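Work through the exercises below with the sequence and the structure in view. Each task is followed by a solution in steps.

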Amino acid sequence: MALSQDAVLSGIKEIVEEVAGIPAASVEMGKNFTEDLDVDSLSMVEVVVAAEERFGVKIPDDQVAGLATVGDAVNFIVKASN
Amino acid sequence: MIKVNKGSDSAILSVGAYRAPRLVSNEEIVSKIDSSDEWIRQRTGIETRRFADENVDVIDMAEVAAREAIERAGITADQIDTVIFASITYPLQTPSAATGLIARLGNYKAAAMDLGAACAGFTYGIGLGSDLIRGGTSKYVLVVGSEKFTDFLNLEDRATAFIFADGAGAVVIGPATEPGIGPTVWGSDADSRDAIWMNPSWLEFKNNPNAPWPYIAQEGQKVFRWAVFSISKIGKAAIEASGLKPEDLKAFIPHQANLRIIETMAKDMKLPESVVIADDIRETGNTSAASIPLAMDSLLKTHPELHGGLALIIGYGAGLVYAGQVIKLPPKPAATSK
(Lines give C-alpha, C1' and ligand atoms only; values in the text may rest on other atoms or scores of the structure.)
Protein backbone atom coordinates (compact mmCIF):
# COMPACT_ATOMS: atom_id res chain seq x y z
CA MET A 1 0.00 0.00 0.00
CA ALA A 2 1.33 3.42 -0.89
CA LEU A 3 2.24 5.58 2.07
CA SER A 4 1.51 9.30 2.23
CA GLN A 5 4.32 11.80 2.41
CA ASP A 6 2.94 13.16 5.70
CA ALA A 7 2.86 9.72 7.29
CA VAL A 8 6.43 8.94 6.25
CA LEU A 9 7.74 12.34 7.37
CA SER A 10 6.08 11.90 10.74
CA GLY A 11 7.67 8.46 11.11
CA ILE A 12 11.11 9.73 10.05
CA LYS A 13 10.88 12.52 12.63
CA GLU A 14 10.29 9.97 15.37
CA ILE A 15 13.08 7.70 14.15
CA VAL A 16 15.65 10.50 13.93
CA GLU A 17 14.71 11.70 17.41
CA GLU A 18 15.01 8.16 18.77
CA VAL A 19 18.28 7.32 17.01
CA ALA A 20 20.16 10.60 17.09
CA GLY A 21 18.42 12.52 19.88
CA ILE A 22 17.42 15.36 17.54
CA PRO A 23 14.08 17.01 18.40
CA ALA A 24 11.41 15.82 15.94
CA ALA A 25 10.31 19.42 15.30
CA SER A 26 13.65 20.29 13.68
CA VAL A 27 13.51 17.33 11.27
CA GLU A 28 12.07 19.03 8.16
CA MET A 29 11.93 18.04 4.49
CA GLY A 30 14.70 20.43 3.40
CA LYS A 31 17.16 19.54 6.18
CA ASN A 32 20.39 17.76 5.24
CA PHE A 33 21.02 14.79 7.55
CA THR A 34 24.76 15.36 7.89
CA GLU A 35 25.12 19.13 7.62
CA ASP A 36 21.94 20.38 9.30
CA LEU A 37 21.02 17.58 11.69
CA ASP A 38 24.52 16.29 12.54
CA VAL A 39 23.52 12.66 11.82
CA ASP A 40 26.77 10.76 11.21
CA SER A 41 27.13 7.85 8.77
CA LEU A 42 26.53 5.14 11.36
CA SER A 43 23.46 6.90 12.79
CA MET A 44 22.25 7.17 9.19
CA VAL A 45 22.51 3.39 8.90
CA GLU A 46 20.42 3.07 12.06
CA VAL A 47 17.83 5.49 10.65
CA VAL A 48 17.67 3.48 7.42
CA VAL A 49 17.30 0.14 9.22
CA ALA A 50 14.59 1.55 11.49
CA ALA A 51 12.78 3.06 8.48
CA GLU A 52 12.91 -0.25 6.61
CA GLU A 53 11.34 -2.05 9.55
CA ARG A 54 8.70 0.61 10.16
CA PHE A 55 7.60 1.17 6.59
CA GLY A 56 8.20 -2.33 5.22
CA VAL A 57 10.43 -1.12 2.38
CA LYS A 58 13.97 -2.01 1.27
CA ILE A 59 16.58 0.72 1.06
CA PRO A 60 19.67 -0.84 -0.62
CA ASP A 61 23.16 0.10 0.60
CA ASP A 62 24.02 1.80 -2.68
CA GLN A 63 20.98 4.07 -2.37
CA VAL A 64 21.69 5.28 1.16
CA ALA A 65 24.46 7.70 0.10
CA GLY A 66 21.96 9.42 -2.21
CA LEU A 67 19.58 10.22 0.64
CA ALA A 68 21.14 13.55 1.60
CA THR A 69 18.06 15.30 2.93
CA VAL A 70 15.03 14.28 4.95
CA GLY A 71 12.98 14.96 1.80
CA ASP A 72 15.15 12.55 -0.21
CA ALA A 73 14.49 9.81 2.33
CA VAL A 74 10.76 10.52 2.58
CA ASN A 75 10.31 10.56 -1.20
CA PHE A 76 12.36 7.37 -1.62
CA ILE A 77 10.22 5.54 0.95
CA VAL A 78 6.93 6.82 -0.51
CA LYS A 79 8.03 5.67 -3.98
CA ALA A 80 9.27 2.31 -2.68
CA SER A 81 5.96 1.68 -0.94
CA ASN A 82 4.06 1.97 -4.22
CA MET B 1 21.46 -51.81 19.26
CA ILE B 2 24.33 -49.37 19.51
CA LYS B 3 25.22 -48.29 23.03
CA VAL B 4 25.42 -44.51 23.42
CA ASN B 5 26.92 -42.16 26.00
CA LYS B 6 24.83 -40.23 28.45
CA GLY B 7 26.10 -36.80 29.36
CA SER B 8 25.27 -34.26 32.01
CA ASP B 9 24.34 -30.61 32.20
CA SER B 10 27.19 -28.27 31.36
CA ALA B 11 28.50 -24.95 32.63
CA ILE B 12 31.39 -22.55 32.16
CA LEU B 13 33.67 -23.27 35.12
CA SER B 14 36.25 -20.52 34.61
CA VAL B 15 37.69 -17.91 32.28
CA GLY B 16 41.29 -16.91 31.58
CA ALA B 17 42.85 -14.11 29.55
CA TYR B 18 45.97 -12.99 27.78
CA ARG B 19 46.27 -9.26 27.20
CA ALA B 20 49.07 -8.23 24.92
CA PRO B 21 51.56 -5.96 26.68
CA ARG B 22 51.73 -3.02 24.28
CA LEU B 23 48.94 -0.49 24.64
CA VAL B 24 48.47 1.36 21.35
CA SER B 25 46.75 4.74 21.32
CA ASN B 26 44.47 6.17 18.63
CA GLU B 27 47.13 8.85 18.10
CA GLU B 28 49.62 6.19 17.03
CA ILE B 29 47.09 4.61 14.65
CA VAL B 30 46.11 7.90 12.97
CA SER B 31 49.73 8.65 12.13
CA LYS B 32 49.25 6.29 9.15
CA ILE B 33 45.61 6.93 8.17
CA ASP B 34 43.42 9.95 7.54
CA SER B 35 41.43 9.88 10.79
CA SER B 36 41.45 11.27 14.31
CA ASP B 37 41.23 10.12 17.91
CA GLU B 38 37.82 11.80 18.19
CA TRP B 39 36.48 10.14 15.01
CA ILE B 40 37.61 6.67 16.15
CA ARG B 41 36.13 7.09 19.64
CA GLN B 42 32.85 8.43 18.26
CA ARG B 43 32.39 5.68 15.63
CA THR B 44 33.74 2.69 17.53
CA GLY B 45 34.24 3.54 21.21
CA ILE B 46 37.86 2.38 20.93
CA GLU B 47 40.29 4.42 23.03
CA THR B 48 43.25 2.04 22.97
CA ARG B 49 44.02 -1.47 21.72
CA ARG B 50 46.73 -4.00 22.48
CA PHE B 51 49.32 -5.34 20.04
CA ALA B 52 51.38 -8.45 20.73
CA ASP B 53 55.14 -8.61 20.29
CA GLU B 54 56.36 -9.69 16.87
CA ASN B 55 57.70 -13.06 18.03
CA VAL B 56 54.49 -14.02 19.86
CA ASP B 57 51.90 -16.16 18.04
CA VAL B 58 48.31 -17.22 18.68
CA ILE B 59 49.44 -20.43 20.44
CA ASP B 60 51.68 -18.45 22.83
CA MET B 61 48.78 -16.18 23.75
CA ALA B 62 46.31 -19.07 23.97
CA GLU B 63 48.61 -20.96 26.32
CA VAL B 64 48.61 -18.14 28.88
CA ALA B 65 44.82 -17.77 28.74
CA ALA B 66 44.29 -21.54 28.86
CA ARG B 67 46.58 -22.09 31.85
CA GLU B 68 44.77 -19.36 33.77
CA ALA B 69 41.36 -20.82 32.93
CA ILE B 70 42.46 -24.35 33.89
CA GLU B 71 43.88 -23.16 37.21
CA ARG B 72 40.78 -21.16 38.01
CA ALA B 73 38.59 -24.19 37.20
CA GLY B 74 40.44 -26.10 39.90
CA ILE B 75 41.46 -28.90 37.53
CA THR B 76 44.73 -29.90 35.86
CA ALA B 77 45.63 -29.66 32.18
CA ASP B 78 45.56 -33.45 31.77
CA GLN B 79 41.87 -33.51 32.74
CA ILE B 80 40.98 -31.52 29.61
CA ASP B 81 39.76 -34.09 27.07
CA THR B 82 38.71 -31.73 24.27
CA VAL B 83 40.13 -28.48 22.92
CA ILE B 84 38.29 -26.18 20.52
CA PHE B 85 40.57 -23.45 19.20
CA ALA B 86 38.82 -20.53 17.49
CA SER B 87 41.03 -18.29 15.39
CA ILE B 88 41.29 -16.77 11.92
CA THR B 89 44.83 -15.46 12.33
CA TYR B 90 46.80 -18.68 12.83
CA PRO B 91 49.07 -18.69 9.77
CA LEU B 92 49.61 -22.46 9.42
CA GLN B 93 47.16 -24.53 7.43
CA THR B 94 48.34 -27.64 9.27
CA PRO B 95 49.00 -28.95 11.89
CA SER B 96 46.30 -27.19 13.86
CA ALA B 97 46.74 -24.51 16.51
CA ALA B 98 44.70 -26.73 18.84
CA THR B 99 47.27 -29.54 18.74
CA GLY B 100 50.00 -26.94 19.23
CA LEU B 101 48.20 -25.81 22.36
CA ILE B 102 47.70 -29.26 23.88
CA ALA B 103 51.38 -30.05 23.27
CA ARG B 104 52.30 -26.89 25.19
CA LEU B 105 49.99 -27.90 28.00
CA GLY B 106 51.68 -31.30 28.17
CA ASN B 107 48.38 -32.99 27.38
CA TYR B 108 49.14 -34.76 24.13
CA LYS B 109 46.06 -36.98 23.99
CA ALA B 110 43.07 -34.62 24.13
CA ALA B 111 40.81 -34.31 21.10
CA ALA B 112 41.81 -31.03 19.48
CA MET B 113 40.45 -29.01 16.58
CA ASP B 114 40.54 -25.53 15.10
CA LEU B 115 37.31 -23.71 14.44
CA GLY B 116 36.93 -21.04 11.76
CA ALA B 117 33.92 -18.91 12.56
CA ALA B 118 35.72 -15.57 12.79
CA CYS B 119 34.28 -13.25 15.44
CA ALA B 120 31.60 -15.85 16.22
CA GLY B 121 34.25 -18.51 16.82
CA PHE B 122 34.04 -18.34 20.60
CA THR B 123 30.26 -18.74 20.84
CA TYR B 124 30.32 -21.44 18.16
CA GLY B 125 32.85 -23.19 20.41
CA ILE B 126 30.68 -22.73 23.51
CA GLY B 127 27.72 -24.30 21.72
CA LEU B 128 29.78 -27.26 20.47
CA GLY B 129 31.61 -27.77 23.76
CA SER B 130 28.43 -27.69 25.80
CA ASP B 131 26.72 -30.21 23.52
CA LEU B 132 29.76 -32.52 23.65
CA ILE B 133 29.37 -32.62 27.42
CA ARG B 134 25.59 -32.98 27.24
CA GLY B 135 26.06 -35.84 24.79
CA GLY B 136 28.59 -37.59 27.01
CA THR B 137 31.44 -37.34 24.49
CA SER B 138 33.57 -34.99 26.60
CA LYS B 139 33.91 -34.08 30.27
CA TYR B 140 36.12 -30.99 30.30
CA VAL B 141 36.25 -28.87 27.15
CA LEU B 142 38.69 -25.99 26.75
CA VAL B 143 37.34 -23.35 24.38
CA VAL B 144 39.96 -20.83 23.31
CA GLY B 145 39.76 -17.74 21.14
CA SER B 146 43.15 -16.34 20.16
CA GLU B 147 43.95 -13.77 17.51
CA LYS B 148 47.04 -11.98 16.34
CA PHE B 149 45.47 -9.50 13.99
CA THR B 150 48.62 -7.45 13.62
CA ASP B 151 49.95 -10.17 11.26
CA PHE B 152 46.99 -9.55 8.91
CA LEU B 153 46.20 -5.90 9.59
CA ASN B 154 46.95 -3.23 7.02
CA LEU B 155 47.83 -0.25 9.19
CA GLU B 156 47.25 2.01 6.19
CA ASP B 157 43.68 0.78 5.60
CA ARG B 158 41.28 3.39 6.93
CA ALA B 159 38.51 0.77 7.23
CA THR B 160 40.30 -1.64 9.57
CA ALA B 161 43.52 -0.18 11.01
CA PHE B 162 41.89 1.28 14.12
CA ILE B 163 39.57 -1.66 14.84
CA PHE B 164 41.45 -4.94 15.14
CA ALA B 165 43.90 -6.01 17.82
CA ASP B 166 45.64 -8.97 19.48
CA GLY B 167 44.71 -11.10 22.50
CA ALA B 168 43.42 -14.44 23.74
CA GLY B 169 40.74 -15.71 26.07
CA ALA B 170 39.76 -19.18 27.22
CA VAL B 171 37.08 -20.93 29.24
CA VAL B 172 36.78 -24.40 30.68
CA ILE B 173 33.37 -26.00 30.21
CA GLY B 174 32.59 -28.94 32.47
CA PRO B 175 29.80 -31.01 33.99
CA ALA B 176 27.23 -29.26 36.17
CA THR B 177 24.28 -30.22 38.35
CA GLU B 178 21.97 -27.81 36.52
CA PRO B 179 22.09 -26.16 33.07
CA GLY B 180 24.70 -23.41 32.91
CA ILE B 181 24.64 -22.92 29.13
CA GLY B 182 21.37 -22.33 27.31
CA PRO B 183 20.48 -23.48 23.78
CA THR B 184 22.70 -22.07 21.02
CA VAL B 185 20.94 -19.92 18.46
CA TRP B 186 23.23 -19.86 15.46
CA GLY B 187 23.42 -19.63 11.72
CA SER B 188 24.80 -17.70 8.76
CA ASP B 189 23.95 -14.96 6.32
CA ALA B 190 26.21 -16.25 3.57
CA ASP B 191 24.82 -13.87 0.97
CA SER B 192 27.05 -11.28 2.67
CA ARG B 193 30.32 -13.22 2.40
CA ASP B 194 31.81 -10.11 0.79
CA ALA B 195 31.35 -7.90 3.87
CA ILE B 196 34.55 -9.12 5.60
CA TRP B 197 37.23 -10.96 3.65
CA MET B 198 40.92 -11.73 3.22
CA ASN B 199 42.52 -10.04 0.25
CA PRO B 200 44.34 -11.34 -1.73
CA SER B 201 44.07 -15.10 -1.26
CA TRP B 202 47.16 -17.17 -0.45
CA LEU B 203 47.23 -18.46 -4.04
CA GLU B 204 47.04 -14.97 -5.51
CA PHE B 205 49.82 -13.94 -3.17
CA LYS B 206 51.92 -16.92 -4.27
CA ASN B 207 51.29 -16.50 -8.00
CA ASN B 208 51.42 -12.75 -8.37
CA PRO B 209 54.73 -11.15 -7.39
CA ASN B 210 53.00 -7.77 -7.15
CA ALA B 211 50.22 -8.93 -4.85
CA PRO B 212 50.27 -7.42 -1.38
CA TRP B 213 50.31 -9.53 1.78
CA PRO B 214 46.86 -11.05 2.47
CA TYR B 215 45.15 -8.59 4.77
CA ILE B 216 41.75 -8.78 6.46
CA ALA B 217 39.42 -6.20 4.93
CA GLN B 218 35.86 -5.20 5.67
CA GLU B 219 33.02 -2.95 4.59
CA GLY B 220 32.32 -1.33 7.91
CA GLN B 221 28.91 0.13 7.17
CA LYS B 222 27.65 -3.11 5.65
CA VAL B 223 28.72 -5.01 8.76
CA PHE B 224 27.24 -2.33 11.02
CA ARG B 225 23.92 -2.51 9.22
CA TRP B 226 23.82 -6.30 9.43
CA ALA B 227 24.78 -6.32 13.09
CA VAL B 228 22.26 -3.66 14.05
CA PHE B 229 19.48 -5.27 12.03
CA SER B 230 20.04 -8.96 12.59
CA ILE B 231 22.03 -9.68 15.69
CA SER B 232 19.72 -8.16 18.28
CA LYS B 233 17.06 -10.56 16.94
CA ILE B 234 19.46 -13.45 17.60
CA GLY B 235 19.98 -12.15 21.12
CA LYS B 236 16.23 -12.04 21.72
CA ALA B 237 15.89 -15.56 20.31
CA ALA B 238 18.67 -16.87 22.58
CA ILE B 239 16.98 -15.38 25.66
CA GLU B 240 13.66 -16.87 24.62
CA ALA B 241 15.19 -20.28 23.83
CA SER B 242 16.50 -20.36 27.40
CA GLY B 243 13.03 -19.74 28.78
CA LEU B 244 14.14 -16.39 30.19
CA LYS B 245 13.32 -12.71 29.89
CA PRO B 246 15.71 -9.75 29.41
CA GLU B 247 15.16 -8.75 33.06
CA ASP B 248 16.54 -12.12 34.19
CA LEU B 249 19.98 -11.20 32.83
CA LYS B 250 22.74 -9.68 34.90
CA ALA B 251 25.14 -9.00 32.03
CA PHE B 252 25.36 -8.66 28.26
CA ILE B 253 28.71 -9.70 26.78
CA PRO B 254 28.55 -9.46 22.98
CA HIS B 255 31.50 -9.71 20.61
CA GLN B 256 33.38 -6.45 21.02
CA ALA B 257 33.14 -5.24 17.42
CA ASN B 258 32.07 -1.67 17.93
CA LEU B 259 30.58 0.10 20.94
CA ARG B 260 27.91 1.71 18.77
CA ILE B 261 26.74 -1.75 17.64
CA ILE B 262 26.74 -3.00 21.24
CA GLU B 263 24.70 -0.04 22.52
CA THR B 264 22.24 -0.24 19.63
CA MET B 265 21.73 -3.98 20.18
CA ALA B 266 21.13 -3.45 23.91
CA LYS B 267 18.57 -0.76 23.10
CA ASP B 268 16.87 -2.88 20.47
CA MET B 269 16.65 -5.90 22.77
CA LYS B 270 15.17 -3.62 25.46
CA LEU B 271 17.67 -4.78 28.06
CA PRO B 272 16.87 -3.16 31.41
CA GLU B 273 19.37 -0.64 32.78
CA SER B 274 20.28 -3.12 35.51
CA VAL B 275 22.02 -5.34 32.91
CA VAL B 276 25.76 -4.61 32.93
CA ILE B 277 27.05 -4.22 29.37
CA ALA B 278 30.61 -5.30 28.59
CA ASP B 279 32.62 -2.53 26.94
CA ASP B 280 36.13 -4.00 26.93
CA ILE B 281 36.45 -2.76 23.35
CA ARG B 282 37.29 0.70 24.75
CA GLU B 283 40.63 -0.55 25.99
CA THR B 284 41.21 -3.74 23.99
CA GLY B 285 39.87 -3.08 20.48
CA ASN B 286 38.26 -5.83 18.42
CA THR B 287 40.07 -9.14 19.02
CA SER B 288 37.60 -11.29 17.02
CA ALA B 289 37.30 -14.79 18.55
CA ALA B 290 39.08 -13.62 21.73
CA SER B 291 36.85 -10.64 22.44
CA ILE B 292 34.05 -12.31 24.42
CA PRO B 293 36.23 -14.22 26.92
CA LEU B 294 38.46 -11.14 27.28
CA ALA B 295 35.40 -8.98 27.94
CA MET B 296 34.05 -11.61 30.36
CA ASP B 297 37.31 -11.67 32.28
CA SER B 298 37.43 -7.90 32.44
CA LEU B 299 33.80 -7.60 33.52
CA LEU B 300 34.22 -10.13 36.33
CA LYS B 301 37.20 -8.15 37.62
CA THR B 302 35.34 -4.85 37.70
CA HIS B 303 32.00 -6.42 38.76
CA PRO B 304 32.83 -9.42 40.97
CA GLU B 305 29.18 -9.58 42.01
CA LEU B 306 28.41 -10.94 38.52
CA HIS B 307 30.10 -14.30 39.22
CA GLY B 308 27.40 -16.95 38.85
CA GLY B 309 24.95 -14.49 37.26
CA LEU B 310 23.17 -14.97 33.95
CA ALA B 311 24.69 -13.34 30.88
CA LEU B 312 23.81 -13.19 27.20
CA ILE B 313 26.79 -13.78 24.91
CA ILE B 314 26.65 -13.30 21.13
CA GLY B 315 29.37 -13.65 18.53
CA TYR B 316 28.98 -12.42 14.95
CA GLY B 317 31.42 -11.88 12.13
CA ALA B 318 32.89 -12.80 8.76
CA GLY B 319 30.86 -15.27 6.75
CA LEU B 320 28.63 -13.73 7.88
CA VAL B 321 28.01 -16.06 10.84
CA TYR B 322 26.55 -15.72 14.30
CA ALA B 323 25.90 -17.68 17.48
CA GLY B 324 24.49 -16.69 20.85
CA GLN B 325 23.46 -18.27 24.10
CA VAL B 326 22.54 -17.39 27.68
CA ILE B 327 25.15 -18.65 30.11
CA LYS B 328 25.73 -18.65 33.82
CA LEU B 329 28.96 -16.73 34.41
CA PRO B 330 31.69 -18.80 36.09
CA PRO B 331 31.87 -18.81 39.88
CA LYS B 332 34.54 -16.89 41.73
CA PRO B 333 37.77 -18.91 41.57
CA ALA B 334 39.08 -20.48 44.77
CA ALA B 335 41.23 -18.17 46.93
CA THR B 336 44.47 -19.77 45.76
CA SER B 337 43.76 -18.72 42.19
CA LYS B 338 44.44 -15.36 40.64
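**Exercise 1: burial and backbone angles**

Ser288(B) has 34 other C-beta atoms within 10 Å and is therefore buried (buried: 20 or more other C-beta atoms within 10 Å of its own; exposed: 12 or fewer; partly exposed: in between; C-beta atoms are placed from the backbone). The model is predicted: local features need pLDDT of at least 70, side-chain atom pairs count only at pLDDT 80 or more, and totals for chains, interfaces and linings use all residues. Residues are numbered from 1 along each chain as its sequence is written, while chains are lettered from A and ligands numbered from 1 in the order in which they are written.

Task: Is Asp38(A) buried or exposed?

Solution. Step 1: Asp38(A) has 12 C-beta neighbours inside 10 Å, so Asp38(A) counts as exposed. Step 2: its phi is positive, about 60°, although Asp38(A) is not a glycine. Step 3: Ser288(B) also has a positive phi, near 50°. Step 4: most residues other than glycine have a negative phi.

**Exercise 2: cis peptide bonds**

Task: Find what kind of peptide bond joins Thr94(B) and Pro95(B).

Solution. Step 1: the bond is cis, with omega about -5°. Step 2: another cis bond joins Asn199(B) and Pro200(B), with omega about 0°. Step 3: most peptide bonds are trans.

**Exercise 3: contacts between chains**

Task: State how many residues of chain A are in contact with chain B.

Solution. Step 1: six residues of chain A are in contact with nine residues of chain B (contact: C-beta atoms, placed from the backbone, within 7 Å).

Conventions:
Two residues are in contact if their C-beta atoms, placed from the backbone, lie within 7 Å.
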